[in-house]
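Please open the model in your viewer and keep the selection panel handy. We will go from stop to stop, with a word on what to look for at each one.

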Amino acid sequence: MVEETIRSIRETENQADEIVRTAEERSLAILEEAKKQAEQTAAELTGRAKAEALASAERAKEEGGRAEEASAEEIEKDIRALKDLALVREKEAVNLVISLLA
């Protein structure tokens with residue numbers, strides 16, 4: 001009877017050791033899987049952030065180009081207005097000189 005009790009205790013201890021080993025292995029596997037998922041999620045988030053940043057930069061570049069074109073058109077209008085005014089002033093100056101010579 002004592003031998004059976006001792007054998008039963010040893011079997012129980014062996015089973016407990018096996019349960020602990022199995023739990024440790026599962027724990028390590030779970031941690032490894034969690035680490036892989038975290039790395040994958042981080043990579044996906046980084047990729048999305050880069051894509052959004054590139055898209056934002058492209059939009060800003062396009063907006064800058066449109067603003068530059070609008071400014072260039074406004075400058076061209078100002079130049080035409082100044083040339084027209086210069087022609088008017090030139091005619092006035094010519095007419096003034098002619099009137100003074102006459």
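Helices here are DSSP runs of H or I with at least four residues, numbered from the N terminus. With that in mind, select arginine 48 and glutamate 44: these two are four residues apart in helix H1, so about one helical turn separates them. Their side chains meet in a salt bridge, at 3.9 Å from N to O. Glutamate 44 is partly exposed, because its relative accessible area is 38%. Please remember throughout that this is a predicted model.

**Zoom out**

Now show the whole chain as a cartoon. How many helices and strands does the protein have? The secondary structure amounts to one helix and zero strands. Helix H1 covers residues 2–101.

Turn the model along its principal axes, and the C-alpha atoms fill a box of roughly 150 × 15 × 10 Å. The radius of gyration is 43 Å, whereas a compact globule of 102 residues would have one near 13 Å.

What share of the 102 residues counts as buried? The share is 0%.

**The start of the chain**

Select methionine 1, which sits in the segment before H1. With a relative accessible area of 81%, methionine 1 is exposed.

For another, select glutamate 18 and arginine 21, whose closest N and O atoms are 2.9 Å apart. Why are they separated by about one helical turn? Glutamate 18 and arginine 21 are three residues apart in helix H1, which puts about one helical turn between them.

**Colour by charge**

Next, colour the charged side chains.

Then pick out Glu68, Glu69, Glu73, Glu74, Glu76 and Asp78, which form a negative surface patch. Glutamate 68, one of this group, has its place in helix H1. A relative accessible area of 60% makes glutamate 68 exposed, because exposed means over 50%.

**A nonpolar patch**

Move along to Leu82, Leu85 and Val88. Together they make a nonpolar patch on the surface, with about 270 Å² of accessible area. Leucine 85 belongs to helix H1, and its relative accessible area of 42% makes it partly exposed.

**Last stop**

Finally, select alanine 93, another residue found in helix H1. Its relative accessible area is 39%, so alanine 93 is partly exposed.

Conventions: Residues are numbered from 1 along each chain as its sequence is written. This is a predicted model: local features need pLDDT of at least 70, side-chain atom pairs count only at pLDDT 80 or more; totals for chains, interfaces and linings use all residues. Side-chain values use heavy atoms; hydrogens and water are left out. Patches are made of residues with over 30% relative accessible area and no salt bridge: like charges are joined within 9 Å, nonpolar side chains (Val, Leu, Ile, Met, Phe, Trp, Tyr) within 5 Å. Accessible areas come from the Shrake-Rupley method with a 1.4 Å probe; for residues, only the protein chains shown count as cover. A salt bridge is a side-chain nitrogen of Lys or Arg within 4 Å of a carboxyl oxygen of Asp or Glu. Buried means under 20% relative accessible area, exposed over 50%, partly exposed in between (1.4 Å probe, protein chains only). The radius of gyration is taken over C-alpha atoms; the globule rule is 2.2 Å times the number of residues to the power 0.38. Lys and Arg count as positive and Asp and Glu as negative; His and the chain ends are not counted. The place of a charge is taken as NZ of Lys, CZ of Arg, CG of Asp or CD of Glu.
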